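Morning, everyone. Please look at the screen while I bring up today's model.

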Amino acid sequence: MKTLVLSKMDVPGLVEALGETARLIGPRKKEHQFVFGQITKPEQLALEYPTTILPPSRQLFPNDEPLVRLRLDDVAASREIVEGEKTILLGVHPCDVQGINILDEVFSDSPPDANYLTRRSQTIIIALECQAPCSPYNLCFDKGTYRLEWGYDLLMIDLGDRYFVFTRTGAGEELIGDLPFFRAATPADREALGRARETQAGSFKTRLAGPVNRLPNALKEAYDDLLWEAVGRRCLSCETCTNVCPTCYCFDVADEVELDLVNGTRCRQWDSCQSCTFAEVAGGENFRPRPSERQRHRLFKKEVYQYEKYGRSACVGCGRCSAQCVASIRLNEMYNQVLGG
Amino acid sequence: MLDTAPISRKSLFVPEAARILDVEPLTAREKLFRVSLNDRPLGHRPCQFVEVSIAGIGEAPISVSSSPASSEIFDLCVRDVGTLTQAMHRLEPGDRIGIRGPYGNGFPVEKIIGKDLLFVCGGLGLAPLRSLILHCIENRASFRRLTVLYGAKRPSERLYREELAAWAKDERLDLRETVDVPEEGWTGNVGVITTLFRAVEVDPLETVAVIVGPPVMYKFAVLELLQRGIMESRIYMSLERRMRCGLGKCGHCQMNGIYVCQEGPVFCYSDVKKVKEAL
Amino acid sequence: MKPKVGVFSFTSCEGCQLTILNLEDEMLDLLGAIEIVNFREAIDERGHEYDVAFVEGSITTPEEAEEVREIRERTKILVALGACATLGGINAIKNRHDLHQVRRKVYGDGAHHFPTEATQRVRDVVPVEYEMHGCPISKREFLQVTKTLLLGRVPRPSPHAVCTECKTAGNVCLFDKGICCLGPITRAGCGAICPTYGGDCVACRGLVDEPNLASMIEIMKSKGMSRQEVEDRLTQFNTLEPVDLEPHFSS
Ligand SMILES: Cc1cc2nc3c(=O)[nH]c(=O)nc-3n(C[C@H](O)[C@H](O)[C@H](O)COP(=O)(O)OP(=O)(O)OC[C@H]3O[C@@H](n4cnc5c(N)ncnc54)[C@H](O)[C@@H]3O)c2cc1C
Ligand code: SF4
Ligand code: SF4
Ligand code: FES
């Protein structure tokens, strides 16, 4: 691990240099909010952003991703489409890096998903620590996801006029190789880092009424709670909460056909356990017909099922689902209800 | 950067080409397709399924209906309910379909050797169960009594009618049938499948029961079996859920935390009785 | 033989037909795949049979009802085209009023020359295989549906809400800008075109299968909308799907 410093004045130069080596994706302003998008000019980059509408993990798991090239007249001519190009994700917040770590684990699980992993293996992540919480809903402090231990190649921490930079992987070090923008960190930089981190820690607050490690059990005890009915009455089943989630990965598969009616593509589309037909089978049986059951499933999948399978939560506390729900359904409030707060 | 070098980079979604050798209408809604993969035997276990696809139409999970012994050629019994299945019903011998799989755990045949077997199937449930029944008939000496209870809505909706007629005469197994709604010419039982239980003799300590049928059937069938003294750990069932990938990824098949496409479709009752979304 | 396709128009602005005619880029491919035997006119030539009939517009007179029945007899597949045909749409707003008064207001003294009935959706008169929603229909959906029909299957409408397409587009949600949008309860398929260009969704594609209207109404109320405003918004295209506002606004 190297410790380096990057002056903010050098960011435009860095952006240009990185853009020459790979597809550069970073936060960009969109109206009064932010989105991850391609950065072709330094001024498009908006590193000081609270959060984005969609998480950066969606760059690795794009909607309508082509999987198989089809020939309608010949199944034997089906060809896989496994795509990936060298990509740099710049300015990814710690919670979102951890969202990507979770997708990595799910898609590497047997059988490994080549479509995701190929794209992922060509992606470099330059993380950026947050200085303060981005919304009233994020749970990154409770979940410990406001800091980062692994899953990134480079990590930047804002020191006001400059960034402190940790390298974590060989790929990260190689990326900045002999770029002229970085210098070794000095004791003064280290001291500044200490101060910045202190201020940072002080600005985050606990939002949950109990420790997060109680969530799996507390939720299980609340399986038949009236909470779900109350939430279900408000939920519109619009699927926003899952579409904006950095760790949601459910999908549907459908064929698209060209007008020649000979060529086509089998693609996967983002899908959601909140959709009313998600668990419906032929014959009309629906295994989760009610919004209350679907909301419960969403929370259980995050905190119980993945905990049982992988020994960790699948909610990184980014707060997007709460912030973007039109029906004002807030994850932190639901968690607090089951934690008894 | 994630190091994925050691793992295969092959997409899981590319179907293998398979040829339809024969199509036989079983009822007004179900057709039997005899299928053969181009390059290899399917190599399935009883009660496994494949993802069948037609380019431009889509994919659907379909159980392998034939015995595992000979999987160079395998059977798919398909009811025309929607997009893929209706398109499949228009196919003819010589046409090709895409196959992924076999998927799912399949039936743990090694666990039932030496037992009395009681198969309980309703409607289309005979399609997956037939692979297991045929396996047991072929390995008859490994099992004690073989009893098959089969309930269909109407006599005309009974699958594999010729085979059922042959089974009825076959000394090696005891087939009992019932229909919900009789039609002209039907001389057999009338009533839901649980009415058949009363007529069969079971040795509760030596019996393994296997249930496959429409979702509503399971609760009643399990209750009946438990009342007959069959142990929870000896009641197996194959569960249907919506499936898109068959790979434990797409999330559609989840039953609480369980991925039915990988951990199922065959479950032991003692393992799923506490799974709230199971039955 | 190429499948025969007819396009017919009833009470509407004919904007959906225009959408089809505007498919310049795809038209040649399309004409390679289908034969359009009737377009922009009511059925006059007897004896045509169709594989697919696209029917635009609502049914507002007894004559139109008769004609659409005739089209139904002559086609294998009937696709209702656009909000007028699938929802009654704007044409159905008159159903909220006394029809005699409506007639007098529109035609003045000559009103008795112009018979009018309550507006009906095409499916109120004849069975319909597919409803292609929208005001106007989306090009993309038209092409997709046509291709699917050519492959011998009837497509199914999206089960999702417009919000899903709006999210995949990465849009800033209009609610975030203080604008009330019907995206959460409206059937997807348009690519969230209105929200993408900053306009709120007006539900021209009809509602999703299981719209949570009670919750949506409460949300609209919480944004300060009056009973009349809520009613106008919810019925603009969907008069024929009555909503009970009473429980939300009594007291
Ligand atoms: C493990 C497993 C094994 C299975 N084995 C078999 C088997 O051996 N044989 C078999 O036949 N099936 C089997 N099934 C069920 C089979 O997978 C489904 O019937 C199949 O997925 C349906 O796919 P489809 O594309 O034909 O239907 P879809 O188009 O996906 O339709 C599914 C549902 O939508 C409804 N629907 C279809 N068209 C419309 C429409 N226009 N408007 C409104 N609703 C509509 C249908 O009624 C149906 O309920 C199995 C399922 C599983 C999970
Ligand atoms: S975003 Fe809110 S209203 Fe929409 S599905 Fe999620 S919880 Fe329900
Ligand atoms: S703008 Fe409308 S359609 Fe888009 S997310 Fe918001 S409510 Fe949904
Ligand atoms: S079918 Fe996709 S996860 Fe089981």
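Which polar backbone atom lies 2.7 Å from an oxygen atom of ligand 1? It belongs to B:R79.

Some ground rules. This is a predicted model, where local features need pLDDT of at least 70 and side-chain atom pairs count only at pLDDT 80 or more, while totals for chains, interfaces and linings use all residues. Residues are numbered from 1 along each chain as its sequence is written, chains are lettered from A and ligands numbered from 1 in the order in which they are written, and side-chain values use heavy atoms, with hydrogens and water left out.

Back to ligand 1. It lies between chains A, B and C. Ligand 1 is surrounded by 23 residues, counting a residue if one of its heavy atoms lies within 4 Å. The closest are B:P61, B:C77, B:T83, B:T85 and C:R156. A nitrogen atom of ligand 1 is 2.8 Å from an N or O atom in the side chain of B:S63. An oxygen atom of the ligand is 3.4 Å from a polar backbone atom of B:G82.

Nonpolar here means Ala, Val, Leu, Ile, Met, Phe, Trp, Tyr, Cys and Pro; charged means Asp, Glu, Lys and Arg; the others, Gly among them, are polar.

Next, chain B. Domain 1 covers 16-102 and domain 2 covers 109-278, with bounds from an automatic or database domain assignment. Their C-alpha centres lie 21 Å apart. How many residues of domain 1 of chain B are in contact with domain 2 of chain B? There are 22, and they meet 24 residues of domain 2. Contact means heavy atoms within 4.5 Å.

The two domains bury about 1800 Å² between them, 59% of it on carbon and sulfur atoms. Buried area is the accessible area (1.4 Å probe) that two parts lose on being put together, summed over both. On the domain 1 side, B:C47, B:F49 and B:S65 supply 28% of the buried area, more than any other three residues.

Last, charges. The rule finds 1 salt bridge across this interface. That means a side-chain nitrogen of Lys or Arg within 4 Å of a carboxyl oxygen of Asp or Glu. The side chains of B:D75 and B:R130 form a salt bridge at 2.9 Å, N to O. By class, the domain 1 side that touches domain 2 has 10 nonpolar, 5 polar and 7 charged residues.

Definitions and conventions:
A polar contact is a pair of N or O atoms within 3.5 Å; within protein, one must be able to donate a hydrogen and the other to accept it, and residues adjacent in sequence count only if both atoms are side-chain atoms.
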